[in-house]
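Opening the notebook on a new model today. I want to go through it piece by piece and write down what I look up.

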Amino acid sequence: MNDKLKNRLSIAGLLITIGIVYGDIGTSPLYVMKSIINANGGLVNINRELIIGSISLILWTVTLLTTIKYVLIALQATNHGEGGIFALYALVRKRAKWLVMPALIGGAALLADGALTPAVTVTTSIEGLKGMKLGQHIFVPDQKSVIFITIIILLLLFLIQRMGTDVIGKAFGPVMLIWFTFLGAVGFCNMIGDMSILEALNPIYAIKIMFSPANKVGFFILGSIFLATTGAEALYSDVGHVGKANIIGSWPYVFVCLSLNYLGQGVWILHNPNYHAIGDLNPFFAIVPEQLRIYAIILATLAAIIASQALITGSFTLVSEAIQLKFIPRMNIVFPSKQQGQIYIPSVNKMLAIATLSIVFFFKTSEHMEAAYGLAITATMLMTTLLLFEYLGQSNHSIFTRLLFVVIFTLIETAFLISSLVKFVHGGYVTVLIAGLILGVMYIWYYGNKVRDLRENRNSYVRLDQYIDMLTRLSHDEDYPTYATNLVYMAKVKYNKFIKREVIYSILDKRPKRAKAYWFVTVNVTDEPFTNEYSVNTFGTKNVINVQLYLGFKQQQRVNIYLRQIVHDLIADQTIEAQPQEYTTTPGRDVGDFSFVIVQDVVSPQTQLTNYEKNIIKARVWLQNLSSNPASWFGLDYSDTVIERVPLILGTRHKFYINRVPASKYSIIEKEKEEKKHMLAEYRKKLHHF
């Protein structure tokens, strides 16, 4: 989908939006009513008051949290078209420093919950096939078969991510349109058997049921109700893929279809009080006529796959924004289509795949997964509310409007968070643990950068032009062996003159590196997809060159290929000297060899910081060295690349002195020690003899 299509309402845009955005919230009918019934002890304990109240809670929760908070308010808070909690933080971070913590907590929780969504939705849909006869055969006889099929489906889902959301959205859009139409149609057909179910539209019943004896779990029913709106945050995160106009335009149809299905399930439950005698049930599949049930299960499985897609694409967006905000180390980002908002991050895809498959193996059944589902996302929603409060202030809304917003939604979401805490011991600790690990990485990287920036010595940057003469002399100094014809540093040169001291240290101090030409290359990614330009500053020399590459976000950063062309260009216009090669398979070759140096930090013992600062800097450096090889960012995987460690010295440098003494001083001391040792040995001999 191109940018023009994304930024306006269109049929194609609406279809792709339905295919990408609503998978998570669209599969909620698969397990919400089932969770409510199981929490209350099965159909034997179900009555009209509970069903009317529960559906009322579902509808008003989706209305308040999804429709009002996210569709009407949060979608206005986009950063250059991108949404999600990190994009929101980027808009308001200048208002207060403390806002970084809600952003970190919310982002970590959302990424953690994204690992659980694919597991629970796909497992739930496949369980609908368990024990069902297809002709004379039962293809899914037990839970082991469910797990096996679920694993296969999830593996295929993660494998197709490299195709991009544009292709995926076009493929999934028609399926999801059929899915929501099916939800609404089946729900409506059941609802017309008892239109009194529409009493659930009255919010009074939602409030009453939380305090009614008909509700066996009381306040904690909200833990099951919240499952109906877990896709709201993903909706906000995915706005960069489809545009807010298409989300606002498609949501009413989606909401109506979801509402009809919940109402239809409610009518079926009230009219089939003895169904529990047949066995365990899922009300969603029960309301479908038996002859259509196999098609419903197939459709539900496809919808579950698409539900997983919504969280995966949202995770890519969140991680991309986190990299830009310096919350996490840099990762390789791929743009599968011409649209910048549609991205694919291979490392994130792998980590999500591993986490999701591990959850399936660990929990084994959807019932156990549902017990853990939704806990982390409540924290994300609460953090988003705090950031939206600041955004509304930045948008010149009155303090009364801001306070009304934050009080209402903080109370609602805090209630959901407290009610979900009961899930912690039933499996919620898994998502909390994953969120904690992600939060730890973000905290270390963000505050490690802060400490580094704050404590960097004034001499951390130097003027490149002040070292021109020294580099030129080294280039022609035959007392040193030639390190490379072209020595290339992928180093950001600020304002065409300032560079990190560690780069110059690597050339001159680490071990003098003689080269015919020293290249300092900065890669700048532009907002246009196919920009392919460069500029050069030689500082009036023929062997010290600063190259600024301007590459579009769709361009592959093949620096070695671009640099060879640049060398040819500069030799041709006599900006630099030719580099004829005597030994070569290419006759007339005038470009020499290249050696690329990647500089990595090592915390120096001279660093003078507090224990906390030193530990967080060490952890940050460890994460930096653990992340993907920078050579792969610039397309240097097959080039002559050297990883070189240089000392990172932060804080005030303390000079250490050692005093010189005469050599005789310690020889006298050693002689006295030997005499004492001899006397002690003689004394022991006499004592033994006695």
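Is leucine 439 buried, partly exposed or exposed? I looked it up before anything else, keeping in mind that this is a predicted model. Leucine 439 has a relative accessible area of 23%. Buried would need under 20%, so I wrote leucine 439 down as partly exposed.

**Entry: around leucine 439**

I placed leucine 439 in helix α21. Leaving out residues up to four places away in sequence, I found leucine 439 touching Leu104, Ile105 and Ala108. I also checked the C-alpha distance from leucine 439 to leucine 111, which came out at 9.9 Å for two residues 328 apart in sequence.

**Entry: the whole chain**

I stepped back for the totals. I get 27 helices and 10 strands in the protein. There are 690 residues, and 55% of them are buried. Then I looked at contacts with a separation of 6 or more, and 82% of those join residues 24 or more positions apart.

**Entry: α7 against α19**

Next I went to a helix pair. I have α7 at residues 100-127 and α19 at residues 375-394, with their axes 8 Å apart and an angle of about 150° between them. The crossing of α7 past α19 is left-handed.

Which residues meet in this pair? On the α7 side I listed Pro102, Ala103, Ile105, Gly106, Ala109, Leu110 and Asp113. On the α19 side I listed Ala376, Ile377, Ala379, Thr380, Met383, Leu386 and Leu387. By class, I count 11 nonpolar, 2 polar and 1 charged in the contact of α7 with α19. Ile105 of α7 turns up here, and I had already noted Ile105 as a contact of leucine 439.

**Entry: the second largest pocket**

I then turned to the second largest pocket, which holds about 870 Å³ of space. Its lining has 33 residues, and I noted Met331, Ser347, Val348, Met351 and Ile438 as the closest to its centre.

Which helix gives the most to this lining? I found that α17 does, with 12 residues. The helices that each supply at least two lining residues are α7, α16 (293-324), α17 (346-363), α21 (428-455) and α25 (611-626). By class I have 25 nonpolar, 6 polar and 2 charged residues in the lining.

I picked serine 315, which sits in α16. Its relative accessibility is 2%, so I logged serine 315 as buried. Beyond its neighbours within four places in sequence, serine 315 is in contact with Leu111 and Leu352.

Over in α25 I looked up alanine 619. I got a relative accessible area of 21%, so alanine 619 goes down as partly exposed.

**Entry: serine 224**

I found serine 224 in helix α11, residues 222-225. With a relative accessibility of 9%, serine 224 counts as buried. Not counting residues up to four places away in sequence, serine 224 touches Val32, Ser35, Ile36 and Ala39.

**Entry: loops**

I finished with loop residues. Where is lysine 326? I found lysine 326 in the loop between α16 and α17. Its relative accessibility is 52%, and the cut-off for exposed is over 50%, so lysine 326 counts as exposed. I flagged its phi, which is near 60° and positive in a residue other than glycine. I flag such values because most residues other than glycine have a negative phi.

Glutamine 574 got a flag as well, with a positive phi of about 65° although it is not a glycine. I placed glutamine 574 in the loop between α24 (559-572) and β9 (594-603). The relative accessible area of glutamine 574 is 62%, so I wrote it down as exposed.

My last stop was histidine 80, in the loop between α5 (48-73) and α6 (85-92). Histidine 80 is exposed, at 79% relative accessible area. Its C-alpha lies 8.5 Å from that of glycine 240, 160 residues away in sequence.

Note on methods. Residues are numbered from 1 along each chain as its sequence is written. This is a predicted model: local features need pLDDT of at least 70, side-chain atom pairs count only at pLDDT 80 or more; totals for chains, interfaces and linings use all residues. Side-chain values use heavy atoms; hydrogens and water are left out. Axes are lines fitted to C-alpha atoms, for helices over the stretch in contact, and angles run from 0 to 180 degrees between N-to-C directions. Helices (H or I, at least four residues) and strands (E, at least two) are DSSP runs, numbered from the N terminus. A crossing is left-handed if the near helix is turned anticlockwise from the far one by less than a right angle, and right-handed if clockwise. Contact means heavy atoms within 4.5 Å. Ala, Val, Leu, Ile, Met, Phe, Trp, Tyr, Cys and Pro count as nonpolar, Asp, Glu, Lys and Arg as charged, and the others, Gly among them, as polar. On a 1 Å grid over the protein atoms alone, a cavity is a set of points where a 1.4 Å probe fits but cannot get out, and a pocket is an open set with protein on both sides within 12 Å along at least five of seven lines; lining residues have an atom within 4 Å of a point. Grid points are joined across faces, edges and corners, and a volume is the space filled by probe spheres set on the points. Buried means under 20% relative accessible area, exposed over 50%, partly exposed in between (1.4 Å probe, protein chains only).
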